[in-house]
Amino acid sequence: MPAERLKMRRVREILRYRFKDCLGHKSIAVRVGAAPSTVRETLRRAEIAGLSRGCSIACA
């Protein structure tokens, strides 16, 4: 059985927490009510799509 897809609102929320607020996977997972593995997979897919370029510098 395939996994349920995330709503775009939740994807945007995960990306905002990661790149604007510089939170880690576990903190994001608690805030959005998702599993840490879901957050990791969402961020991995965003990176593959090129949505994370230049953003990691702001968190350093």
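A crossing of two helices counts as left-handed if the near helix is turned anticlockwise from the far one by less than a right angle, and as right-handed if clockwise. The crossing of helix 1 and helix 2 is right-handed. Helices here are DSSP runs (H or I, at least four residues), numbered from the N terminus.

The model is a predicted one, so to speak of local features takes a pLDDT of at least 70, side-chain atom pairs count only at pLDDT 80 or more, and totals for chains, interfaces and linings use all residues. Residues are numbered from 1 along each chain as its sequence is written, and side-chain values use heavy atoms, with hydrogens and water left out.

Start with helix 1 (residues 8-19) and helix 2 (residues 25-32): their axes come within 10 Å and cross at roughly 140° (axes are lines fitted to C-alpha atoms, for helices over the stretch in contact, and angles run from 0 to 180 degrees between N-to-C directions). That makes helix 1 oblique to helix 2; angles under 35 degrees count as roughly parallel, over 145 as roughly antiparallel, 65 to 115 as roughly perpendicular and the rest as oblique. On the helix 1 side, the contact (heavy atoms within 4.5 Å) involves Arg10, Glu13, Ile14, Tyr17 and Arg18, and helix 2 brings Ile28, Arg31 and Val32. By class, these residues come out as four nonpolar, no polar and four charged. Ala, Val, Leu, Ile, Met, Phe, Trp, Tyr, Cys and Pro count as nonpolar, Asp, Glu, Lys and Arg as charged, and the others, Gly among them, as polar.

Next come helix 2 and helix 3 (residues 36-48), whose axes come within 8 Å and cross at roughly 110°. Helix 2 and helix 3 are therefore roughly perpendicular to each other. Here His25, Ile28 and Ala29 of helix 2 meet Pro36, Val39, Arg40 and Leu43 of helix 3.

Helix 1 also packs with helix 3, at an angle of about 85° and with the axes 10 Å apart. Val11, Ile14, Leu15, Arg18 and Phe19 of helix 1 make this contact with Val39, Thr42, Leu43 and Ala46 of helix 3. Seven of these residues are nonpolar, one is polar and one is charged.

As for rings, Arg16 lies over the face of Tyr17, at 4.6 Å from the ring centre (CZ of Arg within 6 Å of the ring centre and within 35 degrees of the ring normal).

Technical notes. Helices (H or I, at least four residues) and strands (E, at least two) are DSSP runs, numbered from the N terminus.
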